Amino acid sequence: MSLHIPFDNSYARLPGAFFTAQAPQPVRAPRLVAFHADLARLMGIVADEVAELAQVFAGNLVPEGAAPLAQLYSGHQFGQYNPQLGDGRAVLLGEVVGGDGKRRDIQLKGSGRTPYSRGGDGRAWLGPVLREYLVSEAMHALGIPTTRALAAVETGEEVMRERPLPGAVLTRVAASHLRVGTFQVFAARGDIESLKRLTDYAIARHYPQAGGPMDLLRAVCAAQARLVAQWMGVGFIHGVMNTDNCAISGETIDYGPCAFIDMFHPQTVYSSIDRYGRYAYDRQAEMVVWNLAQLATALVQQMEDREAAVEEATAIVHAMTGQIEAEWLRLFRAKLALSDARAGDQELIEDLLRRMVAGQADFTNTFRALGTARARDQFLEPAAYDGWEEAWRARRADLPEAGPLLRAANPAFIPRNHRVEQMIAAAVEGDYAPFHRLNAVLARPYDDQPEARDLTRPPLPGEAVEATFCGT
């Protein structure tokens, strides 16, 4: 085998209660769609033959040193607890430690049935695979902590959803796949020994400075507070912020019904399964605090002084709201090129956002073009922008030139929903040119790319995406 992956599988060395050993299920005719060579090099993966890449990342060939397994976890889904979830259509091949010293999981998503499939076929169709590849890599380029995409492979088989669709497998790379739900399953079962083992493992892998369960909780809360503020700064809506989709590492994980806001409105929901707006854009901060409260509830089960632990954990979780607000304010100050902090900044930011809602302004284009006629043109009534701009210019009167600061903080390019759907439709017909073009442009989101100006355009009325769908 010419493909070399330097596996070092720490999770597979945990007790059997944490997972089920499970090989991926082979597919009929794998064909490589995309392979991230730069990421592979960072991870120390040596790859030469395209045909072999397709076989390995489709699950047909298990590479030497892999220890494939399906992980166990539970979780709250839209507020309702499900006592056993687990990897129902994914297999963790193993882990590598890259040239940068970071340990990363390599997981095949859409690799067939596991003991946790709950009646599903364990497969994925091409659309969600390409969406996650594209959006996760776009998030990385935006500077937001995220899982990444190493490869996408067509399977040569159809999967049945509402209709037959082409099958595919995504190779996902993550700092780990430990979730809030991983802790919940052992706490709910009263398996304190496994809960303690998991806590020690999570600390050693992600937060070695943490002195125990409450320090771990404090570190995860801080990481998730930063993450959600960053989502809001680019208009991202996760869409399915269940506790099994909340990573201990602080990375964005599971790009199912995710979407980016076009015309700004804080109550925006795209997910077709979020019928009550639980995970709307402006509720994401509230919901991540709720998720971390569930982690706290699980962690305190192992503490000797349960009453004192509950009091400490409650204070840690309650502090998250202030952490998110502080990070949000820092990010939005940067988006307005406010290089220092002054009283009244939050009111200035919120005034712009209110005017954007009333004026049906595009979120990304407005911030990118602040101070120019193009920003004014985003508003139904451009005069509504003028009064705000006057106040903004007065606030910035003694600060450095805004242009470079604005371009550094506000992307020109995001994965716009209608472009993602158009890309998927083309790929289903065998045309991958839109997929590769989007990947190339979104790899440089803060650069002006005049040849890609069409990708900054909001959707026309007939192009608007009203609902996004879970990848299952």
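**View 1. Buried residues in the predicted protein.** Of the 472 residues in this protein, 58% are buried, meaning under 20% relative accessible area with a 1.4 Å probe and protein chains only. The model is predicted, so local features need pLDDT of at least 70 and side-chain atom pairs count only at pLDDT 80 or more, while totals for chains, interfaces and linings use all residues. Residues are numbered from 1 along each chain as its sequence is written, and side-chain values use heavy atoms, with hydrogens and water left out.

**View 2. Helices and strands.** Look for 15 helices and 12 strands; these are DSSP runs numbered from the N terminus, with helices (H or I) of at least four residues and strands (E) of at least two. The radius of gyration is 23 Å, close to the 23 Å from the globule rule for 472 residues, so the protein is as compact as a globular protein of that length. Here the radius is taken over C-alpha atoms, and the rule is 2.2 Å times the number of residues to the power 0.38. The C-alpha trace spans about 65 × 60 × 40 Å along its principal axes.

**View 3. A close look at S74.** You can find S74 in the loop between β3 (69–71) and β4 (75–77). S74 is buried, and its relative accessible area is 0%. Its side chain makes a polar contact of 2.7 Å with that of Y81; such a contact is a pair of N or O atoms within 3.5 Å, where within protein one must be able to donate a hydrogen and the other to accept it, and residues adjacent in sequence count only if both atoms are side-chain atoms.

**View 4. Neighbours of S74.** Leaving aside residues within four places in sequence, S74 is in contact (heavy atoms within 4.5 Å) with residues including Y81, P83, G181 and D244.

Note on methods
Buried < 20%, exposed > 50% of the residue type's maximum accessible area, 1.4 Å probe, protein only.
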